[in-house]
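Visitor: I'm new to this one. Could you show me how to read it, one feature at a time?

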Amino acid sequence: MNRKEFFQKSFQSGLGCCALLALDQAGTSASASPAPTDDLAKVQFEKEFVQNWLADLLDAMDAELDEKTRVKLMEGCGRGCFRRFQFKQDIAYQGKGNLEKLIQAYKKNFEIWQEGDQVHIRYGAVSSGCYCPAAKYRPAKAHDLHCECTRTTHQTIFETALGRPFKVEVVESLRRGGKTCHFVVHLS
């Protein structure tokens, strides 16, 4: 069996990283290139590896952790997403200390409106698909955890801009069977 077949069979059978360890222990250099040799095949191989690893992680979280703990972990991802993307930080910065300015800053990327003590953030009346690269290749679930990540990103934007805690709820999301993603920020 050649190296490429070994990698493919290892990942299909669930051996994953263990196959890499076995190769290394068998004397293969850890610095040797992965099975695919052209750049596109390598990127595809790595994408599939990350997708499978993420699926394993989320499945293990579902099986081993209570919902409160799973949500807390996804909230950490949502705060990280805020820190990772400058346009999200820019929304908070442009709305610093002023709800009206914050709403205006949001309008560059989202549909947003205020009704009384609630601010609605929506990804259009109908969305064509999930925007999250970490979620888009996984099957959706009725109470999909990825939506907690996005909810927390919006919560972090509001809290950073306005300097106080906010409750944000998922009204509807594509991954939970809705026609779009819609969040509500409770101002009081």
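Visitor: How many salt bridges does a search of the whole structure find?

Guide: First, the ground rules: this is a predicted model, where local features need pLDDT of at least 70 and side-chain atom pairs count only at pLDDT 80 or more, while totals for chains, interfaces and linings use all residues. Residues are numbered from 1 along each chain as its sequence is written, and side-chain values use heavy atoms, leaving out hydrogens and water. Now the idea: side chains of opposite charge can pair when their charged atoms come close. A salt bridge here is a side-chain nitrogen of Lys or Arg within 4 Å of a carboxyl oxygen of Asp or Glu. The search of the whole structure finds 8 of them.

Visitor: Where do Glu148 and Arg151 lie?

Guide: Both sit in helix 7 (residues 146-162), 3 residues apart, which is about one turn of the helix. Helices (H or I, at least four residues) and strands (E, at least two) are DSSP runs, numbered from the N terminus. The two side chains meet in a salt bridge at 2.7 Å, N to O. They also belong to a network of salt bridges that links Glu75, Glu148, Arg151 and Arg176.

Visitor: Is Glu148 buried or exposed?

Guide: Buried means under 20% relative accessible area, exposed over 50%, and partly exposed in between (1.4 Å probe, protein chains only). Glu148 counts as buried because its relative accessibility is 9%, and Arg151 is buried too, at 8%.

Visitor: Which residue forms a salt bridge with Arg122?

Guide: That's Glu111, with the closest N and O atoms 2.9 Å apart. This pair links distant parts of the chain: Arg122 is in strand 2 (residues 118-122) and Glu111 in strand 1 (residues 111-115), 11 residues apart. Glu111 is partly exposed, at 30% relative accessible area.

Visitor: How many disulfides does the structure hold?

Guide: A disulfide is a covalent bond between the sulfur atoms of two cysteines. The cut-off is a pair of cysteine sulfur atoms within 2.5 Å, and the structure holds 0 disulfides.
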